[in-house]
Amino acid sequence: MTDDELIWRISGGSGDGIASTSQNFAKALMRSGLNVFTHRHYPSRIRGGHTYTEVRASSDPVNSRGDGYNFLLALGDSFARNPQEEAVYGNEEIKPLSENLDELREGGVIVYDEGLLDASEIPDFEERAEENDWHVYPLDLRGLARDQGREVMRNTAGVGATCALTGMDLDHVQDLMRDAMPEKILEPNLEILQIAYDQVREEHDVDAPDVSVPTGEHDETQLLMSGSDAISYGAIDEGCRFIAGYPMTPWTEVFTIMTKNLPKLGGISEQVEDEIAAAALAVGASHAGVKAMSGSSGGGFALMSEPLGLAEMTETPVVLVEAMRAGPSTGMPTKPEQSDLEHVLYTSQGDSQRVVLAPGTVEEAYEQSRIAFRLAYEYQIPSILLYDQKLGGEMTNVPKSHFDREPNPTLGKTLSEDALADEPHSADGKFHRFQHDVEDGVSPRSIPGQKGGRFLATGNEHDPTGHIAESPDNRVAQIDRRTQKLEAIRADLDTVDTGSYAGPDDAQYGILTFGSQQGTVEEAVGRLNDAGVSVKSYGVSDMLPFPTEQVEAFVESVDEVLVVEMTASGQFRGLVQKNLGRYGERLSSLLKYNGNPFEPAEIVDGFEAAIIEGDGDASGHQTTFVPAAGD
Amino acid sequence: MSTFSAIGEEREIDRDEYTPGVEPQPTWCPGCGDFSVLKALKQALPEVGRSPEETLLCTGIGCSGKLNSYLDTYGFHTIHGRSLPVARAAKLANPDLEVIAAGGDGDGYGIGGNHFIHTARENHDMTYIVFNNEIFGLTKGQTSPTSPKGHKSKTQPSGSAKEPIKPLSMSLNAGASYVARTAAVNPNQAKEILIEAIEHDGFAHVDFLTQCPTWNKDARQYVPYIDVNESDDYDFDKTDRVEAAEMMRETEESLYEGEVLTGRFYVDEDRPSYGAEKQAIGEMPEEPLAERYWDDDYEWERSHDMFLDKHA
């Protein structure tokens, strides 16, 4: 835990403007020269229900949420149900204050809207505050906002109070409001911000803040971006101009960003009747010569199984994104989990011929979105980008230069009419679209409308022209060829190296993880090494084809490996063991599946308890240790 | 040479061009109504001037799906019930293609029913031919969505307790702008209807009665048929939605009483196709998207130049 960081948590009800306020505040911190990282927690409701966003800011790089937090702005839930009585949900109005106390660090600050919240309703509030040395500032944010115009602007009042109490200048916040707000609401908001700021400075001694905003400097332009943004921009830069989808949390973010931007690029977005159609449309558009994508989350992706298999069998390039959330079934729609890994790897009948990439950071999300498209089109295979509510929704600063790259709209091995004329055809002029012996298993394709290119695409096993064929020789030749593509893709990915490594090369222990837990694991590795534990980590992104050699080398180089993942059944560890075929006695698991992503301390404590102390239990955390085989 | 030079080429097209040189693995039984759809298509396509390489035929699964084996065009033999979403995306990607979708009654009205409703609703400029034989043929004779109530089969041994789907009415209600029914035993009408359907600018749905001599022996051969547009016994305005609905209802009920009514039931020439609607709201390019990937002069946009500043 570094002292030189602000972890600001704004809490309220869904609909109270928590997301937009926190985003603006995070951006103001970024513009002031700090590195920022956000973490969202929200219920599956339109209005009401306790929600919060954390903004972590530091002059050091931040790639994870922190352990707990040190500044609470509790707005109270203005859309609460049954505010006056105990219902099945409890008294919701008070939750933005009462539910956030457990994670507030010692010495932390609490600002709450006394216009809405009565802290005396919280059992032992004053005693707890005293015990933990919390600095409590009740402010009538609602009244203040009402006086200036509109009650809903009380979040702005809260930001003004935050700035006053942390010693932060209003400049960046004001600039941001000018950029982000329409004229009509800008003036009253600016006023409210200033009044709240002045009032707090007047009434309280803020010259030595209890928690202060650190200072920092960026040497190049930074962007505040989410994983969903990065995936979308990667797709656009790779020439994707068609998306089809059906709304589902949390995949809707990518769908929305693409839908907003595609018309500006002369592209097409289609909202369709269901996810079967969505994936089938992407296949149809790609077949007709357009770079296309679709996607969904758990249950919606389940509906895509059949079109996914069709894309594999017809070798139609397509990119699908799968934004995981806690399952099974409807599960917890707004909570992150990584438990769709096996679903995505194995869904659809027959032997899988697909690519699955799981980016670990916002930068990797952009990068691997592009890689997913490149592989899909070069190798005529579906690529799936697997991420989760955590990576999709959390925002962090990324240098703008990261995105300063050339677009790549190429369709891969697709023939022009001139080139088609030189390719093998059957006696009646049908193009041999699915030739048996071709380099890397990739047989060049034609596009409908081209002269000399006609062929049949079919989900049945087929001969070189695409006609249904079930002869044993043809079957073996075709399936071997399609499978061969995966070997070529593995070799291709080896040259890209999507893995992320942290810690000393010669470390005694290792931590393996995949996807969105990577940043948190890397922070934990840093802290463990600082505490004298020799450990390194490997964040794996290639789920299929799996980087067996690299993972084996990593496991071979250490005494023991802790596999960290957000599943209840250790799916990633299972995948590692399946591919390595041994080392079961060297791999143990640290799992979390309560709906919240890991905090770094949970990994630090979990690692120490499991590997160093050897008794496996990290007390005080909702994580689960599963020992290695034979232990 | 342009990218898609098969499209819009001015030349005489011979119906033999649609016949594969190599006889495909035979699937259809002797006497099957499906042969009539094939024949009618081979006649209609040259007449509307669309060659095999500017035509994309998307089929579903079942005997009807084997149409792709017998009709030599660009083809996409998709999965059960999903020909329409594949087909309509191809049309959006390249509106210059002639896109035809086809499948059976189980494929289109059963497993793919949702896609049928929504594709009709959206009024994509394409033709959808449903081979309606009131039976599941390829899986050997199970009751289908259009089988009459009381139909006995191994999966409905006591006789189906379900009323059959009413495909014409469903199509009209969903939003199809051309709805017709023809029968395998009526080749001239079938050809004419397919020509109209292909030329129609919007979603043209043709319910094609195709007798199954193997699994639906008891069923009629769809004779005698009556063309409701020709017969003096029927008088309705096919451009009037209310009158069309009435005529469809009578047609659907009389089929199960042994009277085969066919013809054009609804034609709306005024409703813009989905592509036109989408272009009108600025969400679809004027030039076919598929062409852009071959345009060496096209300056591909970058997110870096267009979308990133708002994140700064």
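**Where the chains pair**

Author: Happy to. β15(A) pairs in the parallel sense with strand β2 (residues 74-77) of chain B, over 3 bridges. Two terms first: strands pair if DSSP finds at least two bridges between them, and the elements are DSSP runs numbered from the N terminus, with helices being H or I of at least four residues and strands being E of at least two. Within this pairing, T458(A) stands opposite H77(B) in β2(B).

A word on the model itself: it is predicted, so local features need pLDDT of at least 70 and side-chain atom pairs count only at pLDDT 80 or more, while totals for chains, interfaces and linings use all residues. Residues are numbered from 1 along each chain as its sequence is written, and chains are lettered from A and ligands numbered from 1 in the order in which they are written.

Stepping back to the interface, 59 residues of chain A are in contact with 56 residues of chain B, where contact means that the C-beta atoms, placed from the backbone, lie within 7 Å. On the chain A side, the elements that give two or more residues are β7 (222-226), α8 (227-237), β8 (242-245), α10 (275-287), α12 (305-314), α16 (417-421) and β15 (456-458). Of these, α10(A) gives the most, with 8 residues. By class, this side of chain A has 31 nonpolar, 15 polar and 13 charged residues; here Ala, Val, Leu, Ile, Met, Phe, Trp, Tyr, Cys and Pro count as nonpolar, Asp, Glu, Lys and Arg as charged, and the others, Gly among them, as polar.

On chain B, the axes of helix α3 (residues 83-93) and helix α5 (residues 113-122) come within 8 Å and cross at roughly 30 degrees. Axes are lines fitted to C-alpha atoms, for helices over the stretch in contact, and angles run from 0 to 180 degrees between N-to-C directions. α3(B) and α5(B) are therefore roughly parallel to each other, a label for angles under 35 degrees, with those over 145 counted as roughly antiparallel, 65 to 115 as roughly perpendicular and the rest as oblique. L84(B), P85(B) and R88(B) of α3(B) meet H115(B), F116(B) and T119(B) of α5(B). That contact divides into 3 nonpolar, 2 polar and 1 charged residues.

Chain A has a helix pair too: α6 (residues 171-180) and α7 (residues 183-203) pack at an angle of about 165 degrees, with their axes 10 Å apart. α6(A) and α7(A) are therefore roughly antiparallel to each other. Their contact is made by V173(A), Q174(A), M177(A) and R178(A) of α6(A) and L186(A), N189(A), L190(A) and L193(A) of α7(A).

Lastly, chain A holds an open sheet of 6 strands in the order β16-β18-β17-β20-β21-β22, with mixed pairing. β16 (500-502) and β22 (624-626) of chain A stand at the edges, each with a single partner strand, so one side of each is left without a neighbour in the sheet. The twist averages 20 degrees from one strand to the next.

Terms used:
Contact = placed C-beta atoms within 7 Å.
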